[in-house]
Amino acid sequence: MLIFSSISSTFWAIYKVVFNLFLRDIGYTNQFIGRMTSFEMLGAAIIGIIIGVLGDKIGKKRMILISSLGFGFLLLIRSSFPYEYILLVLGFINGGFMASRQLLLNSYLIDVTDHSIRGAAFGYNFAIFMASGILGNFIGGFMGEYIGLRTTLYITGICYAVSPIFLRKVPESLGDKGLTFNKVFDFSQYNKEEKYIIKFYLLRTMTIAFGAGLFVNFGNVIYKDLFDMSPALIGISLSIAQFGAAMGSALSPKLSKKFGPFKYTFFLNGLVVPLIIGLGFIRNPFVFVVFYALRFSFTNMTNPVETTSVLSSMPQNRVTSINSLRNSANFLIRSLAATVFGVVSVLPNGYTYLFLISSIFYLIALLFMYKLYIPLKKNGILQKLYSNNS
């Protein structure tokens with residue numbers, strides 16, 4: 001699983017750093033890129049939840065194989081025939097495949113770990129995901145510059161499609177053949193505490209999604225517009241951010257045990273707000289890269305703690321379905337944010353407005369985090385996952 005996670009994450013990062021630059025290179029505007037990204041997010045929300053439920057129903061390994069093949073195949077078509085309507089329609093389908101990999105992997109980790117090692121397992125897997133992103137951003141930037149953006153995308157699609165070969169020795173998870181979509185949306189099966197956790201988990205997800213969706217998916221375009229960086233320099237800049245997140249994720253289990261999971265996550269997420277405000281005004285490329293990297297690192301190195309704590313508080317046979325609901329909310333809001341990016345980014349001082357709006361939503365998300373952790377502290381799940389005795 002970890003080998004698959006490493007390889008697929010590397011080619012996923014190559015795709016992310018190259019694809020928008022490829023569209024800009026052939027003449028598409030920020031407005032269209034924002035619109036296309038919005039379609040991808042809609043697909044991630046709608047198709048992603050279908051894949052999540054099917055993962056619980058027929059097996060997560062099988063769905064990982066299907067989504068990997070689908071992503072690779074669609075990337076080859078979109079790169080070969082980059083016409084407006086093809087990009088939009090296939091982008092919608094592609095979004096579902098894009099969203100499913102991490103969703104299914106996270107859920108499968110819940111299946112195969114117990115409380116004593118789950119926190120560390122999530123932290124290390126997320127660190128691998130981020131570390132692979134370092135390599136992917138770095139290689140993708142140089143490949144795009146020296147062998148061509150389209151050729152890089154071809155290689156990425158093929159390699160991503162065959163990456164599930166490393167899962168051949170991983171056993172399939174048990175499916176729940178009786179699971180239906182009605183059961184997924186039937187919240188009467190959850191107790192009062194579980195409903196409270198789901199409520200604030202979704203509220204926090206949606207506010208973070210809008211704040212992040214205004215700029216996170218367009219980091220390569222932002223570097224190009226503000227500083228006219230080459231693909232190689234953009235790849236290096238994004239790799240720096242990935243490196244910080246990877247190191248932080250690997251250390252997150254130990255840091256959470258030392259300082260406490262709530263203090264650790266709340267403090268770092270609190271620092272994110274002034275960093276985003278700073279991005280709205282800093283126009284020195286070196287300082288901007290540092291602020292961007294710190295924001296990315298602080299946000300992502302706390303993700304394993306929050307995700308593990310919430311999912312461990314849910315019924316195990318509904319983890320993938322709940323996670324797919326969260327992903328659906330995330331991508332629906334990011335779809336809206338992507339459209340806003342396309343409109344606001346072309347205004348005078350548009351990027352300043354985007355980062356200021358984003359900071360407000362990150363602040364609201366911080367308040368929701370405080371509410372979310374109240375039952376997580378009371379029910380003892382944080383102690384089970386991050387106790388020094390575990």
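**View 1. Tyr 28 is a buried ring with a stacked partner.** With a relative accessibility of 18%, Tyr 28 counts as buried (under 20% relative accessible area, with exposed over 50% and partly exposed in between; 1.4 Å probe, protein chains only). Phe 32 is buried too, at 8%. Their rings make a stacked pair, 4.3 Å centre to centre with 20 degrees between the planes. For pairing, ring centres of Phe, Tyr or Trp (its six-membered ring) must lie within 6.5 Å; planes under 30 degrees apart are stacked, over 60 edge-to-face, and the rest tilted. This is a predicted model, so local features need pLDDT of at least 70 and side-chain atom pairs pLDDT 80 or more, while totals for chains, interfaces and linings take in all residues. Numbering runs from 1 along each chain as its sequence is written, and side-chain values use heavy atoms, leaving out hydrogens and water.

View 2. Helices here are DSSP runs (H or I, at least four residues), and strands are E runs of at least two, numbered from the N terminus.

**View 3. One aromatic cluster brings together six named residues: Trp 12, Tyr 15, Phe 19, Phe 22, Phe 71 and Tyr 160.** Across the whole structure, the search turns up 24 aromatic pairs.

**View 4. Helix α13 (residues 303-311) is largely enclosed by the rest of the structure, because eight of its nine residues are buried.** Among them are Pro 304, Glu 306 and Leu 311.
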